[in-house]
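Please look over the sequence and the model shown here before reading on.

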Amino acid sequence: MFIEQRIYTANPGKLPAWLQLYEAEAAPVSARHMGPLIGFFTTEFGPLNKAVFFRGYDDIDDRARGMAAREADPGWTAFRQKSAALGALREQEAKLLKTTAFSPIQKAGQPFTRRIGGTTMIVDHRTYDFHPGKANAWIEAYEKLALPGQTKHLGQLLLFAVTECGPINQAVFMWAYESLGDRDRRRTAMAADPGWGEFLKATAGLGALKQQTNMILKPTSFSPIR
């Protein structure tokens with residue numbers, strides 16, 4: 001399936017008002033016309049004042065049809081006018097992702113089932129940049145050697161995808177935890193697992209990774225993943 005990831009950067013102090021407007025006016029219009037909303041988050045650590053959200057499409061041409069229908073909706077015009085008046089947004093970024101075979105999300109509109117405990121959530125959003133031609137070998141090793149141990153020790157894998165449009169040669173994946181403390185304890189246990197050492201040894205010679213970045217996200221009140 002295809003997933004559109006959008007990252008909107010707001011001017012400091014402006015994001016809460018924009019999110020309130022989006023939830024009240026843009027979300028209902030988008031739900032009428034666009035692919036299903038997968039998750040909607042704000043950044044807790046990493047670059048701040050950002051909204052990060054995802055929509056899913058089983059047929060990517062549905063996106064073009066939905067965009068055209070939404071543009072013709074008076075509710076969308078009203079939202080865009082009010083958003084512009086807020087002066088909240090400073091920057092917008094879009095990527096088109098394709099899910100891997102082992103990604104938990106495989107279908108647009110797939111309901112989210114929470115498998116971590118507690119009632120709160122933080123999401124570790126990771127973007128790995130690869131040297132050209134190196135991504136597939138690293139991802140194959142990850143699925144075979146790293147994923148079993150991570151599934152045992154870490155929180156809940158939400159998504160694993162590669163970029164189709166936008167900056168290519170990237171993998172984007174997300175793990176959910178109850179809290180930052182939960183994340184720290186689980187990652188400490190994973191690092192001590194011999195299987196993790198085997199994965200690091202197997203991938204060291206690939207020379208695949210160029211850069212790794214992460215953001216810690218918090219779901220909004222209207223995010224399906226929360």
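**Helix packing**

The model is predicted.

| Helix pair | Residues | Axes | Angle |
|---|---|---|---|
| α1 and α3 | 15-33 and 74-86 | within 9 Å | roughly 165° |
| α1 and α2 | α2: 61-71 | 8 Å apart | about 135° |

The axes of α1 and α3 cross at roughly 165°. Because an angle over 145 degrees counts as roughly antiparallel, α1 and α3 are roughly antiparallel to each other. Their crossing is left-handed. On the α1 side, the contact is made by Ala17, Trp18, Leu21, Tyr22, Glu25, Ala26, Val29 and Ser30. Facing them, α3 contributes Gly75, Trp76, Ala78, Phe79, Lys82, Ser83 and Leu86. Sorted by class, the contact of α1 with α3 holds 10 nonpolar, three polar and two charged residues.

The packing of α1 with α2 has an angle of about 135°, and these two helices are therefore oblique to each other. Here the crossing is right-handed. The residues that make the contact are Val29, Ser30 and His33 of α1, together with Gly66, Ala69 and Arg70 of α2. By class, the contact of α1 with α2 comprises two nonpolar, three polar and one charged residues. Val29 and Ser30 of α1 take part in the contact with α2, and Val29 and Ser30 are also listed in the contact with α3.

How many cavities of 30 Å³ or more does a search of the whole structure find? The search finds one. The largest cavity has a volume of about 30 Å³.

Its lining consists of Leu145, Ala146, Gly149, Gln150, His153, Met190, Asp193, Gly195 and Trp196. Which helix gives the most to this lining? That helix is α4, with five residues. Helix α4 spans residues 135-153, and α6 spans residues 194-204; each of these helices supplies at least two residues of the lining. In terms of class, the lining of the largest cavity divides into four nonpolar, four polar and one charged residues.

**Summary**

In this predicted model, α1 packs against α3 in a roughly antiparallel manner and against α2 in an oblique one. The largest cavity, of about 30 Å³, takes five of its lining residues from α4.

Definitions and conventions: Residues are numbered from 1 along each chain as its sequence is written. This is a predicted model: local features need pLDDT of at least 70, side-chain atom pairs count only at pLDDT 80 or more; totals for chains, interfaces and linings use all residues. Side-chain values use heavy atoms; hydrogens and water are left out. On a 1 Å grid over the protein atoms alone, a cavity is a set of points where a 1.4 Å probe fits but cannot get out, and a pocket is an open set with protein on both sides within 12 Å along at least five of seven lines; lining residues have an atom within 4 Å of a point. Grid points are joined across faces, edges and corners, and a volume is the space filled by probe spheres set on the points. Helices (H or I, at least four residues) and strands (E, at least two) are DSSP runs, numbered from the N terminus. Ala, Val, Leu, Ile, Met, Phe, Trp, Tyr, Cys and Pro count as nonpolar, Asp, Glu, Lys and Arg as charged, and the others, Gly among them, as polar. Axes are lines fitted to C-alpha atoms, for helices over the stretch in contact, and angles run from 0 to 180 degrees between N-to-C directions. Angles under 35 degrees count as roughly parallel, over 145 as roughly antiparallel, 65 to 115 as roughly perpendicular and the rest as oblique. A crossing is left-handed if the near helix is turned anticlockwise from the far one by less than a right angle, and right-handed if clockwise. Contact means heavy atoms within 4.5 Å.
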